[in-house]
Each structure stands twice: as structure tokens, then as C-alpha cells.
Amino acid sequence: RTHQYVIDIDPCWHTEKHPLHDGAVLFLRHSGLGWAGFALPTESLARLHHALTQQLEASLEVHGMLN
């Protein structure tokens with residue numbers, strides 16, 4: 001948390017099934033580097049889903065969109 005990172009806001013992204021393994025490939029487009037692909041096994045997808053869901057719910061609560 002003490003390191004500063006360059007952050008692209010709202011990058012293009014795409015997902016598709018991994019051709020050889022369970023899970024998916026997540027592609028993110030970096031404005032300077034172009035497209036980068038990350039192969040995520042099913043376990044990692046589940047953890048990512050959980051983490052993003054928590055972030056989304058917290059964001060919606062702050063904006064008063066959840067009941």
C-alpha cells in the first residue's frame with residue numbers, strides 16, 4: 001500500500017475459456033503495453049469473483065443503491 005502504481009481507468013477487458021485447462025483467460029488492455037492475458041484456474045476465478053463482489057457491494061452501499 002505504500003508503493004504508487006500507474007493505474008488505467010476503466011480499461012478494455014475480455015474473457016474466454018482457457019483452451020487447455022479449467023478456468024478462463026482474462027485479457028486487460030494497458031494503454032502503454034497493449035493487451036495482456038492472464039490464465040486463471042477455477043479456484044482463482046472463484047477468489048477473484050468473491051473479492052470483486054465485495055468491492056462492488058461496498059461501492060453500491062456508499063452510493064446508496066442497495067436496500
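Predicted model: local features only at pLDDT ≥ 70, side-chain atom pairs only at ≥ 80, totals over all residues.
The mean pLDDT of the chain is 91, and 94% of the residues reach a score of at least 70. Among the elements of the chain, strand S1, residues 13-17, has the highest mean pLDDT, at 97. The lowest mean, 93, belongs to helix H1, which covers residues 42-62.

Let us return to Tyr-5. With a relative accessible area of 62%, Tyr-5 is exposed, because the cut-off for that class is over 50%. Together with Ile-7 and Ile-9, Tyr-5 forms a nonpolar patch on the surface, and the accessible area of these residues together is about 430 Å².

Next comes Asp-10, which is also placed in the segment before S1. Its relative accessible area is 69%, so Asp-10 counts as exposed. For the backbone of Asp-10, phi is near 50 degrees, a positive value in a residue other than glycine.

We now pass to the loop between S1 and strand S2, residues 24-30, where His-18 has its place. Is His-18 buried or exposed? The relative accessibility of His-18 is 15%, and buried means under 20%, so His-18 counts as buried.

Key
Residues numbered from 1 in each chain as written. Heavy atoms only, no water. pLDDT = per-residue confidence, 0-100. Helix = DSSP H or I, 4+ residues; strand = E, 2+ residues; numbered from the N terminus. Buried < 20%, exposed > 50% of the residue type's maximum accessible area, 1.4 Å probe, protein only. Patch = residues over 30% accessible without salt bridge, like charges linked within 9 Å, V, L, I, M, F, W, Y side chains within 5 Å. Areas by Shrake-Rupley, 256 points an atom, 1.4 Å probe, with all protein chains shown as cover. Salt bridge = Lys/Arg side-chain N within 4 Å of Asp/Glu carboxyl O.
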